[in-house]
Structures are given as structure tokens and as C-alpha cells.
Amino acid sequence: MEITNVTEYDAIAKAKLPKMVYDYYASGAEDQWTLQENRNAFARILFRPRILIDVNKIDMATTVLGFKISMPIMVAPTAFQKMAHPDGEYATARAASAAGTIMTLSSWATSSVEEVASTGPGIRFFQLYVYKNRKVVEQLVRRAEKAGFKAIALTVDTPRLGRRESDIKNRFTLPPNLTLKNFEGLDLGKMDEANDSGLASYVAGQIDRTLSWKDIQWLQTITNMPILVKGVLTGEDARIAIQAGAAGIIVSNHGARQLDYVPATISALEEVVKATQGRVPVFLDGGVRRGTDVFKALALGASGIFIGRPVVFALAAEGEAGVKKVLQMLRDEFELTMALSGCRSLSEITRNHIVTEWDTPRHLPRL
Amino acid sequence: MEITNVTEYDAIAKQKLPKMVYDYYASGAEDQWTLQENRNAFARILFRPRILIDVSKIDMTTTVLGFKISMPIMVAPTAMQKMAHPDGEYATARAASAAGTIMTLSSWATSSVEEVASTGPGIRFFQLYVYKNRNVVEQLVRRAERAGFKAIALTVDTPRLGRRESDIKNRFTLPPNLTLKNFEGLDLGKMDEANDSGLASYVAGQIDRTLSWKDVQWLQTITKLPILVKGVLTGEDARIAIQAGAAGIIVSNHGARQLDYVPATISALEEVVKATQGRIPVFLDGGVRRGTDVFKALALGASGIFIGRPVVFSLAAEGEAGVRKVLQMLRDEFELTMALSGCRSLKEISRNHITTEWDTPRPSARL
């Protein structure tokens, strides 16, 4: 049957992929409360559509860190995409380019920064995990820069890996035919089997738990790329991030895979936006599955959103064509949402176009 | 088994109708959140019944735009009624007349304004979609006026058609034996099959996305009929509608078929009522399935309500007799609700006869 929304790829991926692989992509941490809440919180935000506005022309184009893209929908970093489909990150990179939007490549990709760059032109960001061995980090950041990546998305919510219980039960590990290509030849490209999630052991062994704000300054000494701090959930940290020189903030709970019972990202967004006072752009990932969700995030002040699991599931189902379809469906839904809300460009999307449960008095207009 | 409430016709219609037809009538947009919420929100409004009032005589009559009707329950426009039953709009028109209430005929009816007028006397409104070809609109409005229709219900929430995913999956199109009779001979009476919902393609091709407030003024230059603006969900737009010369407002989310995650109409009603400050009447459609729902809408300030799906489903089940029964059941339930609440006429229904979740402090009276 025809796919009519991005969520439908989840079931197809589940049927197609080995259980260990599907569970790795699908799981959240512990009780998975935040995993569900990332979706549920969107459903509690409602529209206040404006009528009788000429919406014949809708402009979804925007600029992110100076780069013009076709829509405020971008691809989040997700690890090990060749587990989902043999074309892996190549397919995702091509689909994102074709859609005129940004792909973020994971440090833990199964294709290297150079390989992804070889797919052709495209605006790409590089997601960075900081390893204990800083020489490795330095080399990697330089390689990304040389390969034409435009920004670093620094993951700051993973000093240790969250407890994804199915990964523990499945003894998840990277399939032996695959390699973390960015670390090939560095003894960090393979993942041992462990009496645990193999990834949790890998992170415990390699990733730097001492990572702190001063390292953001260090990072700026080794690269000219702008740094997006990915994993901010409070206004306090948003303010510190600006002081530390961040070029932008990604409100993220890591797809609900790190600390369970953090709020949905859409619930945390407005606090972060208010704290930044417009000084750096704020982005969001987590739970975006509809064009209506994109609109809600923008109405709450986001400059754009990233999608993770829908890309991986579509990749598993249909490779590059699947990822293209996901980006196209979200684009079409978002355009329709703008039209039915009476907004012709992103700048016309305002806080008054939505109402949230924390607005008081709840049902009265804000005048 | 005997039908004891209007909702029971839904299951009967589902059994009787081809899947494509039932799905067309039943579906909401995308996740259908608003479709459920249109019902759920009524269930969260509770009564504060007054006792020991002589309720031996209950008067439900009211006046809408100067026309006296037997009860504040009217028939909403629903498209293509001959898909539900061969008698289609003829049956609905006769049933509404017999009940002494108003029928609103859809632009997309499978019977023309003249055919519906030929069924005999009755107060009827005409629902208008504005086509790109304004000559078509002008002709149609004049024909409706000449056929004795008393008001225009201008649909303003459909610059594009909402994504009803079962219509997309079913490749919904008007069955070839039927015609949009108001456009017969105009090349607009048939619906092509499309690689999508056929209706979505029809709307994209024919309906004017540039529709704006100035067109409400244009409409007043081509007709003397009063104009109800159908699809208002905010106080802001209610105020503009008054300035633009609307004779009334219909708080509607198009049966939850346009933008998903707009509030239930019963949740949006009070904001609109307050904004109009009594200058024009406010009506509601969406989710009314019980006489208690009618009462709740009136207590929140509506001058009357419209029912859509219950008419179509009862039409499918039993033709004219079914529609009559639906109107009679709602009338009886509403009369009983008035009696058990201690209200003898519509003007005795007050805000204090109900309590909503947005009242503070919630369970105590506003004195």
C-alpha cells in the first residue's frame, strides 16, 4: 500500500531489519518515557490558523549559518547507516542534496567524511564525539573541514551512553562486516562484543567523560568551522553556550536515548529560545514526524529542525528513494500547514499561530 | 435493533457503503487528532443543572438571520450526498424542511441548487467555494439567490485541501455516474482520477488559493444574501470578519478535515464569541452528536449548531427517513437536556449552566 506519511516507514523497517539493528535505531533509554513524550508533547500544541490570507505562494526557503537551504527540515546525525541499507550514508547524503537541505554526518558513520563528500555537492555538517585521545579528534575535525563540511554539531549529552535496554539484552554490536569509517586504521573503527551493549562499552572506553565548556574553546582553536552545541535542554546552558562561542544550539535529547524523563524537546525549546534572546539560532531534533510538528517548532522560535529515525527507517525500507520521499513528504506537509495557517514565509510564522498547555489563560487569545 | 442515538448510524453506513465512499465521509486530516478531539472536548464540558424549575413547557424555537426555525440544530453542508444514497440532497432537503430547520447545500452537491429548491418550501443556505474562475462563482451565487437560498456560507479554511490519507490511499474520486450538479456543463462537474486524492487535485486545479478578506467584500457586490464566514477559529479573525461585513460566523474546523491539530470547535467557540461582543451571531459545527452537545455550544455563546456526518451516515442507512430520525433524536435529546438543566427557552441557557476545564477555580460557581 502507498506510503502517505513518514511514520509508516517504521513498521516496514521493523519487518525488514534484523531485530538487533531495528532495536538499536528504535530504542530510547530505560522506560522510554521521553521517547513517547517526544511525540505526545507535539500533539498537545494546537494551531490558531489565520484565514482569508492569499496563500497562493509559499516560501519555505531559509538560511542556516549563512547557507541557503530549501526548507527548515534537515537531516540529523544517526550512526551506522549501513546497518539499515548497503548504501548507508551515501544514500542519505544524495537524498539530502537533492532536497536542497543539510545532512549531518555522524562521527560513528559507516562511511567516512571523504566518502560522503565524494557523493557530490551539498551542504553538510559533521557531528562530533570527543574522544579521550584528542589527537584523534583534531585529525577528524581537520578531515571534515577539508572534505567541505560546514559546521560541527558537538554532542554534549553523552559523557556516558544512556541505558538502552534492548541493546543490552541484544548484546548490540556493530556487525563485523561494517567499520566506523572515520576511525578506520585507528584501532577505534571496530566494536568489541561485550557483556553489555557493545556501544556502551565502546563509549566507556573511548569517549571523554571529562568534556566540559573549556573544550568548546579548545575546539575553536583547532577549527574555523562554526560549532553547534547539540543537547542543550535548559536556559542556563543556552546562556553559557553563547558565552563559550557557540554559533548555534540544538535542543536535543538525543532521540530520547540518553537520560530518560527529560522533557520532550518541543517542551524545552521555548525556555532555550528565550534565554538566547536571538543571539544565536536555536534548532530542534526529537519527535518530528509531521509538517505540523515543523511548524510548531518554528512557532516556538526554532530556526529549523532535524529528523533522525524517519531517515533511518526510510533508508532501510527503500534506500535513497525512501529518504527522498521522507524529505518530500515532510516538505509537502509543512507547506500545507503554512497555507492552512495563513503563513506565506517562515518569517510570518508567529507564537500567536499556536497555543500550548503552558499558555495562560489557556483558551483566550493573546492580544 | 432499534437506533437510539445518532452515532449508531456510523456503523450502519460503514457496512453499507463502499470503502472509498465511507472513508471519504468519515476521515479527518493526517493523524485525525482533531477528529477525535472534536468529540473528546465536548465530553470534558460538564453541566451545572438547576433544579425545581417548572419545565413542563420547553421552547426550542429560535431565529437565524431573521428566519424562524424550530430548533437551533441545522444541517451542515456535506459534499456529494448521492454517494451515500440515490436520493442524496433531495432527501436531506425534505428531512430538514420537515423538521422546520435550515439545510446548507454544498457547492459540491450532486444535486443542483434548482433541484434542491424544487423539493418544496424550506429555508436553505448555500455553501460556497470560491473558484479561480470568478464568472463561475458569480453565476452560481446568482442561481442560488434565484432558487430562494437565504444566505451564503463561505468556506474560508480550504485554500488547499487537507491531507485525508485514506482518500489518498483509496485514490478517491467522484463515482462516474455522479456529477457536481451545480457545475454541470461547465467542465467542472466531473472529477478526474489522480495519482492522489482526486478531490485534492480538483481543489488544486480549480479553487482559488488567493482568496482573502477583500473577496468577502467582492462577494457583497455580487449578492444581497447575507454571508456567514465558515471556518473561523480565532478571536482575531472574528473581529476582521465583522469589519468585512460578515452577517455571522461559523466556528468550524471543516469536520477536522483540513489542518490537523487545530482545537476542537467547542474549545475555540468562546474565544470567538467574546471577540464578536454580540454584534453578529456565532454558530458551530464539528463533533455534535448529542443534544447535550447542542446545549453546551449554546451555553458557550453559539446561536445554533450544524451537523454534518450524522446526516450523511443516516442518509446512507435509511435515506430521508434516516435524516428525519437524526434530526428528531437530536431535538428530543436537546429538549430533555434543557428540561433536566432547568431551562425553558434558549435564552435561559447561560454560561453558568456548564463548567469547562478552563474555568478557574474549576468546580465553583462564577457569581
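Modeller: A term is needed before anything else: pLDDT is the predictor's confidence in each residue, on a scale from 0 to 100. The model is predicted, and chain B has a mean pLDDT of 96, with 98% of its residues at 70 or more. For the model as a whole, the scores are ipTM 0.92 and pTM 0.94.

Now to the interface. On the side of chain B, 41 residues are in contact with 35 residues of chain A. The size of an interface is often given as the accessible area lost when the parts come together. Here about 3500 Å² is buried between chain B and chain A, and carbon and sulfur atoms give 58% of that area. Within chain B, the residues that lose the most area to chain A are Arg160(B), Lys169(B) and Tyr261(B), which together make up 20% of what that side buries.

Charged and polar pairs also cross the interface. The rule finds 10 salt bridges between chain B and chain A. One of the salt bridges joins Arg290(A) to Glu165(B), where the closest N and O atoms are 2.6 Å apart. For polar contacts, the count between the two chains is 18 residue pairs.

As for the elements involved, those of chain B that give two or more residues to the side touching chain A are α7, α9 (213–222), β8 (227–232), α10 (235–243) and α11 (265–276). The largest share of that side comes from α10(B), with 5 residues. By residue type, the side of chain B that touches chain A divides into 17 nonpolar, 8 polar and 16 charged residues.

In chain B, the loop between α7 (165–170) and α8 (198–206) holds Glu184(B). Glu184(B) is partly exposed, because its relative accessible area of 48% falls between the cut-offs of 20% for buried and 50% for exposed. Although Glu184(B) and Ser212(B) are 28 residues apart along the chain, a distance of 27 Å separates their C-alpha atoms.

In chain A, helix α2 (residues 19–26) is largely enclosed by the rest of the structure, because 6 of its 8 residues are buried. The buried residues of α2(A) are Val21(A), Tyr22(A), Asp23(A), Tyr24(A), Tyr25(A) and Ala26(A). Their cover includes α1 (8–16), α3 (33–43), α7 (165–170), α8 (198–206) and α13 (309–341) of chain A.

Note on methods:
Residues numbered from 1 in each chain as written. Chains lettered and ligands numbered in written order. Predicted model: local features only at pLDDT ≥ 70, side-chain atom pairs only at ≥ 80, totals over all residues. Heavy atoms only, no water. Helix = DSSP H or I, 4+ residues; strand = E, 2+ residues; numbered from the N terminus. Buried < 20%, exposed > 50% of the residue type's maximum accessible area, 1.4 Å probe, protein only. Contact = heavy atoms within 4.5 Å. Buried area = accessible area lost by both parts, 1.4 Å probe. Salt bridge = Lys/Arg side-chain N within 4 Å of Asp/Glu carboxyl O. Polar contact = N/O pair within 3.5 Å; in protein donor to acceptor, adjacent residues only side chain to side chain. Nonpolar A, V, L, I, M, F, W, Y, C, P; charged D, E, K, R; others polar.
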